[in-house]
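Please look through the sequence and the model shown here. The paragraphs after it go from the whole chain to single residues.

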Amino acid sequence: DVYKRQPQDLPLQVANGNFDLAITGRDWLMDHLYQFPSSPVKEFLDLKSGRVRVVAVVSQKMPAGDISGLRQFIEEKSEPFRVASEYVNIADKYARENHLGHYRVIPTWGATEAFLPDDADLLIENTETGRTIARHNLKIIDTLFESTACLIGNAKIRFGTIKGERIKYIMALLRAAVE
């Protein structure tokens, strides 16, 4: 059965055994895996479409042009640093790994640009071109990674079974279409 789901829901649906395969963005797969490191979900195939960059964004007014400038800004703040993102787990990992001090992650659901500068200090956002970010007087200070659409599945799929062979066939069709 094929169901319409949000891309961010699909890794968990596959992990829970509700779907054998799904197409989602690598960004959502990574967000899922950061939250559930032992999840059985894995990427089976890069579909090489829907390319976006996941980026760290601040207000044009912030005196930081890169992550080290951001750290300097944070050292001068007395209240917790606010990171807004739909990618809650990616944002949390980014803040921890970049030693952004005392921070809190603010979950968002769309229109993230509106959070800066009043409701957040940093956004973790995706962008194709960066034009929307620039149009909102924001600037990219770091690129975390690139994301494309990908086919995901449960790593525990047994390919010797009838179901496994059907999945291999679907993967072969998609691989031929991509290449």
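**From the whole chain to single residues**

Read along the sequence, the protein chain runs α-β-α-β-β-α-β-α-β-β-α-β-β-α. That comes to six helices and eight strands, where helices (H or I, at least four residues) and strands (E, at least two) are DSSP runs numbered from the N terminus. This is a predicted model, in which local features need pLDDT of at least 70, side-chain atom pairs count only at pLDDT 80 or more, and totals for chains, interfaces and linings use all residues. Residues are numbered from 1 along each chain as its sequence is written, and side-chain values use heavy atoms, with hydrogens and water left out.

The C-alpha trace of the protein chain spans about 60 × 30 × 25 Å along its principal axes. The protein chain has 179 residues, of which 44% count as buried; buried means under 20% relative accessible area, exposed over 50%, and partly exposed in between (1.4 Å probe, protein chains only). Among contacts (heavy atoms within 4.5 Å) between residues at least 6 apart in sequence, 70% join residues at least 24 apart.

The largest nonpolar core has 22 residues, and Leu 70, Phe 81, Tyr 94, Leu 100, Leu 122 and Ile 124 have the most contacts inside it. At least two residues of this core come from each of strand 3 (52–59), helix 3 (67–76), strand 4 (81–85), helix 4 (88–97), strand 6 (122–127) and strand 7 (138–147). Helix 4 gives the largest share, four residues. A nonpolar core is a set of buried Ala, Val, Leu, Ile, Met, Phe, Trp, Tyr and Cys residues joined through side-chain atoms within 4.5 Å. Not counting residues up to four places away in sequence, Leu 100 touches Ile 67, Leu 70, Arg 71, Ile 74, Phe 81, Tyr 94, Ala 95 and Leu 122.

Which residues of helix 4 are buried? They are Asn 89, Ile 90, Ala 91, Tyr 94 and Ala 95. An α-helix has 3.6 residues a turn, so residues three or four places apart point the same way. Asp 92 is also found in helix 4, but counts as partly exposed because its relative accessibility is 26%. Leaving aside neighbours within four places in sequence, Asp 92 is in contact with Tyr 103 and Val 105. Just after helix 4, His 99 takes a positive phi of about 50 degrees.

The whole structure contains two aromatic pairs. In one of them, the ring centres of Trp 28 and Tyr 87 are 4.6 Å apart and the planes stand at 40 degrees, so the pair is tilted. Rings of Phe, Tyr and Trp (its six-membered ring) pair if their centres lie within 6.5 Å; planes under 30 degrees apart count as stacked, over 60 as edge-to-face and the rest as tilted. Trp 28 lies in helix 2 (residues 26–35) and Tyr 87 in the loop between strand 4 and helix 4, so that distant parts of the chain, 59 residues apart, are linked. Trp 28 is buried at 12% relative accessible area, and Tyr 87 is buried at 1%.
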